[in-house]
Amino acid sequence: MSLLDEIQSENGKPRHDCIVCFCINDLSTEDAADLVACLADPSYTATSIARVLTARGYPVNPEGKQVRRHRKMCV
Ligand SMILES: [Zn+2]
């Protein structure tokens, strides 16, 4: 992470403590785009998104708490 990224992260949305934002940054460009699209579409439940992220090895609560918080706080 560059210094600029770090400053923007401190300055902006709470990306540093949001696991969903971490996933978006960490996934490949294609997967991140799909994740962002699913997060923006309420027909995809927080639980289903969380389960997929858990299966990918991210420390996401499978109940979807962080996904719901991301949808409220980070958009
Ligand atoms: Zn987030």
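Predicted model: local features only at pLDDT ≥ 70, side-chain atom pairs only at ≥ 80, totals over all residues.
Leu27 touches Ala32 and Leu35, leaving aside residues up to four places away in sequence. Leu27 lies in the loop between H2 and H3. With 17 C-beta neighbours inside 10 Å, it counts as partly exposed, because a residue needs 20 or more such neighbours to be buried and 12 or fewer to be exposed.

Stepping back to the whole chain, the model contains 5 helices and 0 strands. Read along the sequence, the pattern is α-α-α-α-α. The radius of gyration is 12 Å, close to the 11 Å that the globule rule gives for 75 residues, so the chain is as compact as a globular protein of that length. The C-alpha trace spans about 35 × 25 × 20 Å along its principal axes. Of the 75 residues in the chain, 16% are buried. Among contacts with a separation of 6 or more, 38% are between residues 24 or more positions apart.

Helix H2 (residues 19–26) packs with helix H5 (residues 65–73) at an angle of about 85°, and their axes are 8 Å apart. That angle makes H2 roughly perpendicular to H5, since values from 65 to 115 degrees fall in this class. On the H2 side, the residues that meet H5 are Ile19, Val20 and Cys21, while H5 brings Gln66, Val67 and His70 to the contact. Sorted by class, this contact of H2 with H5 has 4 nonpolar residues, 2 polar residues and no charged ones.

The buried residues of H5 are Gln66, Val67 and His70. Viewed down the axis of H5, they fall within an arc of 105°, so they line one face of the helix. The buried residues of H5 pack against H2, helix H3 (29–40) and helix H4 (46–55).

H4 can be read in a similar manner. Its buried residues are Ala46, Ile49, Ala50 and Leu53. These cover an arc of only 100° around the axis, which puts them on the same side of H4. The elements covering the buried residues of H4 include H2, H3 and H5. After H4 comes Gly57, whose phi is positive, near 100°.

Met1 is found in the segment before H1. Met1 is exposed, with 8 other C-beta atoms within 10 Å. Between Met1 and Asp31, which are 30 residues apart in sequence, the C-alpha to C-alpha distance is 20 Å. Ile7, in turn, has its place in helix H1 (residues 3–11). With 10 C-beta neighbours inside 10 Å, Ile7 counts as exposed. The C-alpha atoms of Ile7 and Ile19 are separated by 18 Å, with the two residues 12 apart along the chain. Ile19 is one of the H2 residues that meet H5, which brings the description back to the helix pair discussed above.

Methods
Residues numbered from 1 in each chain as written. Axes fitted to C-alpha atoms, helices over the stretch in contact; angles between N-to-C directions. Helix = DSSP H or I, 4+ residues; strand = E, 2+ residues; numbered from the N terminus. Parallel < 35°, antiparallel > 145°, perpendicular 65-115°, else oblique. Contact = placed C-beta atoms within 7 Å. Nonpolar A, V, L, I, M, F, W, Y, C, P; charged D, E, K, R; others polar. Rg over C-alpha atoms; globule rule 2.2 N^0.38 Å. Arc of directions from axis to C-beta.
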